[in-house]
Amino acid sequence: MFTSRSIDSFIPGVEAFIEGSNHLHLHLPSPSCRLSVVAVAPYVHPVQGIPMTPPASAMPSIRSPGVMETPNRSTNSKGVSYDWESTSEFESGSSREDLHSNTFGGNDVEGEGSVSSVDDSLRLLNDTEIVQMKFVSEEEAGLFYNAYAKAMGFSVRKHKSKRHRGNEGYVKWRDWVCSREGKRNKKHLERTDRKRCHRDETRIGCGAKFRVCCMSNTIENYVVTEFVSTHNHPLAAQQCVPFLRSHRHVGDADVAQLMTMRNVGIKTSQIMDYMTCQSGGFQNVGFTLSDLRNKLHRERTQEIRNGDAKGALGYLSAQVSNDPLFFFKYNVDEEDRLETLFWADGRSQMDYAAFGDVLVFDTTYWTNAYKKPFVILAGVSNNFMTTIFGCALLSKETEETYNWVLATFLEAMDGKRPISVVTDGDLAMRNAIRNIFPHARHRLCSWHLEQNAAKNVHRPEFVSDFTKLMQMECEVEEFESLWADMVSHYGLQTNAWVVEIYKDRERWAEAYLLGHFFAGMRTTQRCEGMNSYMNQFLKVRLRLFEFVQQYHRGLDRMRIADAEAETVTEHSTPVLMTELKTLEKNGTEVYTRYIFKLFQDEIQRTSALMVTRRVDELERRLYFIEMYAQADSNWTVEHYAIKSRMNCSCLMFESFGLPCSHMIVVMKYDHLLTIPPSLVMRRWTRCARPLDQQPNHVQMSRTASQTARYGILSSGYNLMSFYASQGQDSFEDAREVEYEMTSWMRKRWERKKNKEWDTEIGEASNGQFIFGVGDPLVVKTKGNLGKKLSTQHYQNPRKCSNCKCRGHDKRTCPKLSSKHQMDDLPM
């Protein structure tokens with residue numbers, strides 16, 4: 001007993017339903033190709049799978065069809081819409097609702113509307129019925145034959161055709177053949193200068209063929225004039241059909257989904273897994289992983305068709321229209337190739353205006369296809385989180401290049417220079433800082449110094465003592481004495497690295513740097529951590545156009561974390577934990593949440609401190625403070641009551657900008673209820689940014705890009721799909737609405753496609769004319785050792801788990817083999 005089935009998944013615009021036990025009504029996309037035939041399944045040899053003449057008992061009688069309207073909208077199983085024009089009327093007594101009801105069927109039949117039922121419907125067609133078919137266009141004929149081939153288990157390709165010589169230029173006739181038709185030319189097999197192996201032969205002279213011919217000079221009206229269903233090879237099993245070439249196609253909707261998921265860092269293999277699950281199995285996807293990767297490569301190539309550097313500069317130039325403060329600058333080499341590029345958006349410039357007193361920057365490598373060193377210039381915000389001030393791509397790491405980067409950075413930041421700078425100690429970088437920021441206090445990264453100490457002095461004890469001495473808060477005289485003792489103890493008076501690093505001690509020893517503001521940063525770990533974070537988005541094979549996009553995606557995610565911390569500060573109140581409630585509450589009103597936690601810790605430390613003596617002078621008071629049970633730990637605090645100012649000998653406020661526990665002891669001693677204004681550093685407060693420099697989030701339309709529009713629609717329709725899938729009635733109603741909307745939207749897309757393409761080409765051409773910049777060359781710097789890297793940094797061979805020797809494993813261990821030989825000897 002046959003039931004109604006939908007075959008629009010395989011023949012777009014074609015619907016079919018079956019009445020009775022053996023009648024198939026096949027409705028093609030127009031009245032001219034309407035056909036009602038008896039459902040006859042070709043007889044297939046049970047072993048070879050080759051169609052043969054069916055038994056006589058399987059031949060039914062032919063029945064004349066009634067007149068029914070061809071549906072003018074349908075959608076395949078992957079949601080790709082096809083639209084067909086039709087002006088015919090419904091059959092008497094039929095309605096659109098009845099037609100869709102017959103197409104989708106009821107709930108009583110297992111597998112109704114499934115892929116297997118569609119295949120069964122197509123397999124029921126015999127040669128006579130196919131020859132009697134008519135089609136509105138050549139494309140419709142090709143879609144039908146490809147769907148028929150998929151159901152039967154073979155692949156097709158276009159063969160010969162002939163076009164009309166008139167102005168219309170339509171195809172007069174077209175042939176499709178089995179993909180195994182013909183044979184490879186012998187000259188290709190007999191070549192002796194081949195560099196690659198021969199591809200497997202697929203053409204074996206199969207004679208299967210399908211031809212349509214246009215029967216009218218005024219309108220396209222195609223009829224089947226030749227159909228050969230016999231093959232000289234076994235047909236593919238159904239599990240192999242999805243791999244046949246003509247049944248693999250990545251559609252426009254698939255591309256939109258692919259690019260959306262790819263732009264957020266999802267791997268292509270994971271996207272394929274998602275689409276397979278979404279389609280209900282690999283057999284329904286319609287393409288393979290290789291097809292998806294090839295399509296992605298073509299899309300990437302299309303994006304930079306006018307040049308990678310031009311595409312990147314065009315992207316940065318487009319940011320100016322959305323962000324008036326956006327700044328970028330570049331220079332080129334003698335061959336007009338992009339050499340150096342710097343950019344910073346408006347938010348970065350406002351952050352630098354508020355938090356640009358300390359600048360930390362470092363260089364990372366292997367982030368783009370050209371292996372250009374990537375420089376991030378960063379700082380710390382009032383939430384004690386890393387904030388980006390700008391970034392640059394370099395061609396080489398020379399003093400001249402770093403001079404250009406820092407000079408351009410000053411230009412973007414209206415000439416404001418930082419108070420302190422933290423770097424990894426690169427010589428060219430240090431010279432550039434001396435040239436551009438002559439008054440800035442330069443600090444070398446302590447982490448890099450530890451690594452260099454381990455490399456140059458191969459004694460772990462020295463590295464430990466060196467680190468302790470580097471971070472020790474003491475007087476300069478004490479540091480000098482301890483350094484001399486340490487060098488003498490280890491006998492390193494003539495060590496070249498020890499001698500050189502001692503000459504530069506003012507840039508790394510805490511004894512010399514104490515009292516200089518560095519916002520709590522001793523290392524470039526903020527840049528190192530930012531590099532590690534950005535590596536999630538920046539891959540070594542990224543082109544420049546992709547690189548700048550992915551950088552901004554990572555930057556946006558980082559700023560979301562900062563906004564979250566700001567929300568916690570503004571919309572929650574911490575619990576007061578000390579006895580100085582009034583002073584502590586004032587701290588919650590002044591500082592951001594993270595800085596308040598540090599201030600709260602300082603208040604808790606006051607429980608172990610006491611004022612041992614107070615000396616009153618003309619303009620100030622001196623407070624001598626000691627730690628409980630540790631008389632040798634003492635500090636002096638100067639309090640200028642008239643100026644409401646304090647100074648402590650520990651210099652914590654000068655170094656970090658937060659009142660120390662010794663100052664808080666004085667506040668408690670003098671019964672101060674609030675923190676003196678002179679001890680509140682604005683950069684750590686809630687209102688760190690001036691009112692006229694608050695980050696003005698660009699009110700950019702959420703629907704400004706095709707990717708954004710696609711994402712918004714996908715989210716909305718996902719919710720609708722969830723509700724519609726809960727019941728059969730809801731599912732059918734949603735399908736009908738989806739048919740109509742998809743058909744309508746596809747018409748509008750096709751009408752605008754050519755116009756939009758012409759506009760896009762024009763814009764790309766203008767961009768090429770404006771910039772005139774060639775793609776950069778692959779550079780070779782200290783962080784990019786090229787092919788030597790693989791030879792210098794080799795992995796040690798694994799050890800044998802039995803004898804612990806290298807060069808073999810347990811299976812080939814000579815000791816085990818000799819033991820086995822001894823065991824095999826006769827006793």
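Predicted model: local features only at pLDDT ≥ 70, side-chain atom pairs only at ≥ 80, totals over all residues.
What volume does the largest cavity have? The largest cavity has a volume of about 60 Å³.

A search of the whole structure turns up two cavities of 30 Å³ or more. The lining of the largest cavity consists of Arg347, Asp351, Ser381, Thr386, Thr387, Met558, Arg559, Asp562 and Arg689. Two or more of these residues come from each of helix H10 (346–355), strand S17 (386–393) and helix H19 (544–570). H19 gives the most, with three residues. Sorted by class, the lining of the largest cavity has five charged residues, three polar ones and one nonpolar one.

The second largest cavity holds about 40 Å³ of space. Around the second largest cavity stand Arg443, Leu444, Ser446, Leu449, Met470, Gln471, Trp508 and Arg522. Strand S19 (441–444), helix H13 (446–456) and helix H14 (460–471) supply at least two lining residues each. By class, the lining of the second largest cavity has four nonpolar, two polar and two charged residues.

Next comes a pocket. The second largest pocket contains about 860 Å³ of space. Its lining is made of 33 residues, and those nearest the centre are Glu473, Leu514, Cys650, Leu651 and Met652. Several elements each bring at least two residues to this lining: helix H15 (476–490), helix H17 (510–513), helix H21 (593–605), strand S22 (630–640), helix H22 (652–656) and helix H23 (661–669). Which of the elements gives the most to the lining of the second largest pocket? That element is H21, with four residues. The lining of the second largest pocket has 17 nonpolar residues, nine charged residues and seven polar residues.

H15, one of the helices that line this pocket, also meets another helix. Two packed helices are described by the distance between their axes and by the angle between those axes. For H15 and helix H16 (residues 496–503), the axes come within 13 Å and cross at roughly 175 degrees. Because angles over 145 degrees count as roughly antiparallel, H15 is roughly antiparallel to H16. On the H15 side the residues that meet the partner are Glu480, Trp483 and Val487, and on the H16 side they are Val498, Ile501 and Tyr502. This contact has five nonpolar residues, one charged residue and no polar residues.

H23 is another helix that lines the second largest pocket, and Met667 has its place in H23. Is Met667 buried or exposed? Its relative accessibility is 0%, so Met667 counts as buried. Leaving out residues up to four places away in sequence, Met667 touches Leu583, Met646, Pro659, Leu672, Ile675, Pro676 and Leu679. One of these, Met646, is 21 residues from Met667 along the chain, and the C-alpha atoms of the two are separated by 9.8 Å.

The last stop is Thr401, which is found in helix H11 (residues 399–412). Thr401 has a relative accessibility of 7%, and residues under 20% count as buried, so Thr401 is buried. Apart from neighbours within four places in sequence, Thr401 is in contact with Leu394 and Lys396.

Note on methods: Residues numbered from 1 in each chain as written. Heavy atoms only, no water. 1 Å grid on protein atoms, 1.4 Å probe; cavity = no way out; pocket = protein on both sides within 12 Å on 5 of 7 lines; lining within 4 Å. Points joined across faces, edges and corners; volume = space filled by probe spheres on them. Nonpolar A, V, L, I, M, F, W, Y, C, P; charged D, E, K, R; others polar. Buried < 20%, exposed > 50% of the residue type's maximum accessible area, 1.4 Å probe, protein only. Contact = heavy atoms within 4.5 Å. Axes fitted to C-alpha atoms, helices over the stretch in contact; angles between N-to-C directions. Parallel < 35°, antiparallel > 145°, perpendicular 65-115°, else oblique.
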